[in-house]
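Visitor: I am new to this structure and would like to learn how to read it. Please show it to me, and then take the features in turn.

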Amino acid sequence: MDTTWMAQGKCRQLAPATFFPSDGVGVEVARRICAECPVKGPCLEYALCNRIEHGVWGGASERERRRISRGRRLAAQAARLKPSSRAATTPR
Ligand code: SF4
């Protein structure tokens with residue numbers, strides 16, 4: 001997985017502990033920094049793909065990433081179960 005985006009992260013100039021907060025206030029501080037980061041998208045995808053459980057990545061807390069992952073799993077399941085549009089229009 002490409003990690004060249006990491007060199008552009010705003011967190012490079014800050015203490016790592018900032019992104020591993022112990023309370024909601026700390027999460028909000030990290031999220032505000034991430035909101036202005038030019039590599040927010042790749043950072044979030046990296047954390048999701050690697051199932052990183054701790055810290056704020058791409059502006060998302062652990063809980064938010066679990067919610068995103070769950071939503072993606074459910075969407076993928078629904079897409080697999082959905083009859084294809086071709087099958088739905090094929091005459092019997
Ligand atoms: S989105 Fe946040 S955690 Fe990710 S690289 Fe940017 S500042 Fe760092």
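Guide: Start with the elements: helices (H or I, at least four residues) and strands (E, at least two) are DSSP runs, numbered from the N terminus. In this structure, E45 lies in helix 2. The model is a predicted one: local features need pLDDT of at least 70 and side-chain atom pairs count only at pLDDT 80 or more, while totals for chains, interfaces and linings use all residues. Residue numbers start from 1 along each chain as its sequence is written.

Visitor: How many helices and strands does the protein chain have?

Guide: The protein chain has four helices and zero strands, and along the sequence the pattern reads α-α-α-α. The radius of gyration, taken over C-alpha atoms, can be set against a globule rule of 2.2 Å times the number of residues to the power 0.38. For the protein chain the radius of gyration is 18 Å, well over the 12 Å that the rule gives for 92 residues, so the chain is more spread out than a compact globule. Its C-alpha trace spans about 65 × 30 × 20 Å along the principal axes.

Visitor: What share of the residues of the protein chain counts as buried?

Guide: A residue is buried if 20 or more other C-beta atoms lie within 10 Å of its own, exposed if 12 or fewer, and partly exposed in between, with C-beta atoms placed from the backbone. By that count, 13% of the 92 residues are buried. E45 is partly exposed because it has 14 C-beta neighbours inside 10 Å. The C-alpha atoms of E45 and A60, 15 residues apart along the chain, are separated by 10 Å.

Visitor: Why does R51 count as exposed?

Guide: R51 counts as exposed because it has 9 C-beta neighbours inside 10 Å. R51 sits in the loop between helix 2 and helix 3 (62–81). Its phi is near 50 degrees, a positive value in a residue other than glycine. S22, in the segment before helix 1, is also exposed, with 8 other C-beta atoms within 10 Å. From S22 to E62, 40 residues apart along the chain, the C-alpha distance is 12 Å.

Visitor: How many residues of helix 3 are buried?

Guide: The number is one of 20, so helix 3 lies largely in the open. For its length, the expected span of a helix is 1.5 Å times one less than its number of residues. Helix 3 reaches 29 Å from its first C-alpha to its last, close to the 28 Å expected.

Visitor: Which residues is L48 in contact with, leaving aside its neighbours within four places in sequence?

Guide: Two residues are in contact if their C-beta atoms, placed from the backbone, lie within 7 Å. L48 is in contact with R65, I68 and S69. L48 belongs to helix 2 and is partly exposed, with 17 other C-beta atoms within 10 Å. L48 and R65 are 17 residues apart in sequence, and their C-alpha atoms are 6.7 Å apart in space. For the protein chain, 43% of the contacts with a separation of 6 or more join residues 24 or more positions apart.

Visitor: Which residues make up the largest nonpolar core?

Guide: In soluble globular proteins, nonpolar side chains tend to be buried together. A nonpolar core is a set of buried Ala, Val, Leu, Ile, Met, Phe, Trp, Tyr and Cys residues joined through C-beta atoms within 7 Å. Here the largest one has nine residues: F19, V27, A30, C34, C43, A47, V56, W57 and A60. Helix 1 and helix 2 are the elements that give two or more residues to this core, and helix 1 has the largest share, three residues. Leaving out residues up to four places away in sequence, V56 touches F19, P21, V27, A30, R31, C34 and S61.

Visitor: Is C43 buried or exposed?

Guide: C43, in helix 2, is buried because it has 24 C-beta neighbours inside 10 Å. Beyond four places in sequence, C43 touches W5, G9, C37, W57 and G58.

Visitor: How many residues surround the ligand?

Guide: A residue is near a molecule if its C-beta atom, placed from the backbone, lies within 6 Å of it. There are 13 residues around the ligand, and the closest are G9, C11, C34, C37 and C43. Helix 1 (24–35) and helix 2 (40–49) each supply at least two residues of this shell.
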